[in-house]
Amino acid sequence: MQGAGQQRWPLLGLLLLLLCVSGLQAEGESEEQKCLQEGRNLTVTCPYNINKYAFSLKAWQRVRSNGLLETLVITETRNADLNVAQAGRYLLEDYPTEAIIRVTMTGLQRGDAGLYQCVIHLTSQNLVILHHRIRLVQCSEHWVGVPALIFVACGFVLNKGLVFSVLFVLLRKPRPQKVFGQGAGPAPGTVPGVGQDAGIDAKRVPQDGRN
């Protein structure tokens, strides 16, 4: 029973995570979570419309908790093949011929946790968010307590009735079914040795092998 319970929790956590992501998309906020591993690098690729923004400036921004935008790195050239900009630990590479932006954050730190976005920088007041936002979060090696955390997070997004319905279905114990097997005797209303679908009258079956 303990093994079955341990196998059920990862499935429950995955399902709640999918429900949470669906709820976020329904709210119109498209985010992708990535684990923040201190000391390592993070590379993000953002595609864009080549016809509209091939020669526009591109930037990598951080969205603060109060909603303010912090531009970490921005291109300053409008070359047709490659535009590169670097500011400290942030490197932005714009490939107009491929219509993608590649952003690299080096030497990740604990304080880097938060929400980021690739943007087309038309003006400081006119920004086009590309692809989906990236949220850096602290992740442990094992999913210890993850189902509970996901459930709490989803509670702010999804309808509570839906969440509890999913929990009830997944955690409900299946009812034991009575199985007629060897040594259990014949099923009610049947004759030993005679199939119910055989179409044979049990009273006419020879008892000693003679007609």
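Tutor: In this predicted model, Asp112 has a relative accessibility of 3%. Buried means under 20%, and Asp112 therefore counts as buried. Its place in the chain is the loop between strand 7 (100-105) and strand 8 (114-123). Leaving out residues up to four places away in sequence, Asp112 touches Leu36, Arg62, Arg89, Tyr90, Met105, Gly107 and Leu136.

Tyr90 lies in strand 6 and stands opposite Ala87. Strand 6 (residues 90-95) pairs with strand 5 in the antiparallel sense, over 5 bridges. Both strands belong to an open sheet of 4 strands, whose order is 2-7-6-5 and whose pairing is antiparallel. At its edges are strand 2 (42-47) and strand 5 (83-87), each of which pairs on one side only. On average, neighbouring strands of this sheet are turned by 15° against each other, with direction ignored. In general, the strands of a sheet pair through backbone hydrogen bonds, in either a parallel or an antiparallel manner.

Gln117 counts as buried because its relative accessibility is 2%. Its side chain is joined to that of Arg133 by a polar contact of 2.9 Å. Apart from neighbours within four places in sequence, the residues in contact with Gln117 are Ala59, Trp60, Gln61, Val63, Leu69, Ile129 and Arg133.

Conventions: Residues are numbered from 1 along each chain as its sequence is written. This is a predicted model: local features need pLDDT of at least 70, side-chain atom pairs count only at pLDDT 80 or more; totals for chains, interfaces and linings use all residues. Side-chain values use heavy atoms; hydrogens and water are left out. Helices (H or I, at least four residues) and strands (E, at least two) are DSSP runs, numbered from the N terminus. Buried means under 20% relative accessible area, exposed over 50%, partly exposed in between (1.4 Å probe, protein chains only). Contact means heavy atoms within 4.5 Å. Two strands pair if DSSP finds at least two bridges between them. Axes are lines fitted to C-alpha atoms, for helices over the stretch in contact, and angles run from 0 to 180 degrees between N-to-C directions. A polar contact is a pair of N or O atoms within 3.5 Å; within protein, one must be able to donate a hydrogen and the other to accept it, and residues adjacent in sequence count only if both atoms are side-chain atoms.
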